[in-house]
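Hi everyone, thanks for coming. Let me put a model on the screen and walk you through its ligand site.

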Amino acid sequence: MNISIRTGLASLAIAATLVGCGKKSEDAAPAAAGATDAAPAAAAPAEEKVVNVYNWSDYVDPAVLEQFTAETGIKVNYDVFDSNEVLETKLLAGKTGYDVVVPSASFLERQIKAGVFQKLDRSKLTNWSNLDTEILERVALHDPGNEHSVNHMWGTTGIGFNEAKVMAIDPNAPVDSWSLVFDPKHAAKFKDCGISVLDAPSEILAAVLTWKGKDPNSQSAEDLKLAEDVLVSVRPYIRMIHSSNYIDALANGEICIAVGWSGDVLQARDRAEEAGQGVVIRYNVPKEGTIMWFDMYAVPADAPHPGNAHEFINFMMRPEVAAKNSNFVNFATGNAAAVALVDESVRNDPGVYPPAEIKAKLFPDLAEGEEFTRQLNRTWTRFTTGQ
Ligand code: SPD
């Protein structure tokens, strides 16, 4: 049996001779009290032993997927994306064929309203009590009652930078501020060593508005215009607008500044360290503040294998599995029982788990309305194409 990981660019097949070993999952729901050996009156038809998962790139330890197949005999078809917009377009069109998808909570919120997801069957999520109640509460803002989703990882959007390169150009560079990328006076200095920003319109808008002292979740046309003016002013100095390539580009020195996601920048840091060329990458949450986001497992209403989807999500909710993922990707887990099992170097990294004074500067990323999203997309196209 194969676990296949597919990206838009490459295909990676991880051989795993696992199916049919007949091992029972540790997470199987306990038999009901008084259960007998008699066959249930109306047994649900058995599902094909497959689960189709669509997750962010660089977001899981592949060993965990192999372990899931080894224990359950369920083959994992694992596709990846790097943009909420791409995932949303597929979900709204329907019939994705996916059983488990991982939108960010602000996108999940409007997808729930559009009827894209089924309610989760808690009786199948026997590991629910491991979840972090603070994260559950924060996510309930988007998914009332936590009925449709389970947190995979959470994090922040901030600034990654190559310390030596940035300091060589400007020892006083404001590496703790959005000014570094949004003030043309600063950004211009780093044009040649390379600046990259996420291809994530709503997040970059929130960052610009925060920097300008505005409500980061504003949906006013005036604030959008203000943000566009800022973006246009620094566009000549931005080399890359992408949401996954910056990890390697930062690690190998192709760029020296990236607006990126916490764990991704820390993966770049680790890759640079492993390469042994003395490249030091750092991650800062800008002093003006930033969003705290949550990426959520959810099951599309038309998922072909909803039972397997629940089994997969429940497996990911085991403390040791969530900790393994967190160690591999450097993002914070929403699984409270896992935190003690996360490597100390990850658990104590302020880039992964921000200390209280930084956490106080984090704000939620709220869902945008339909009309504002259209305007934002037009702004974004003008920014990315430089027109
Ligand atoms: N490489 C995994 C990156 C996951 C980032 N998700 C962030 C979404 C923020 N809204």
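Before we look, a polar contact here is a pair of N or O atoms within 3.5 Å; within protein, one must be able to donate a hydrogen and the other to accept it, and residues adjacent in sequence count only if both atoms are side-chain atoms. The model is predicted, so to speak of local features we need pLDDT of at least 70, and side-chain atom pairs count only at pLDDT 80 or more, while totals for chains, interfaces and linings use all residues. Residues are numbered from 1 along each chain as its sequence is written, and side-chain values use heavy atoms, with hydrogens and water left out.

Now, which side chains place a polar atom by a nitrogen atom of the ligand? Asp 264 does, at 2.7 Å, Glu 203 at 2.6 Å, and Asp 295 has a side-chain N or O atom 2.7 Å from a ligand nitrogen. The protein buries 99% of the 330 Å² that the ligand exposes when taken alone (Shrake-Rupley method, 1.4 Å probe).

Who else is around the ligand, with a heavy atom within 4 Å? The list includes Trp 56, Tyr 59, Asn 84, Trp 261, Trp 293 and Phe 331. By class, this shell has five nonpolar residues, three polar and four charged (Ala, Val, Leu, Ile, Met, Phe, Trp, Tyr, Cys and Pro are nonpolar; Asp, Glu, Lys and Arg charged; the others, Gly among them, polar). Domain 1 (8-27 + 47-155 + 293-359) and domain 2 (156-292 + 363-385) each give at least three residues to the shell, with bounds from an automatic or database domain assignment.

That's my tour, thank you!

Technical notes: A residue is near a molecule or strand if one of its heavy atoms lies within 4 Å of it.
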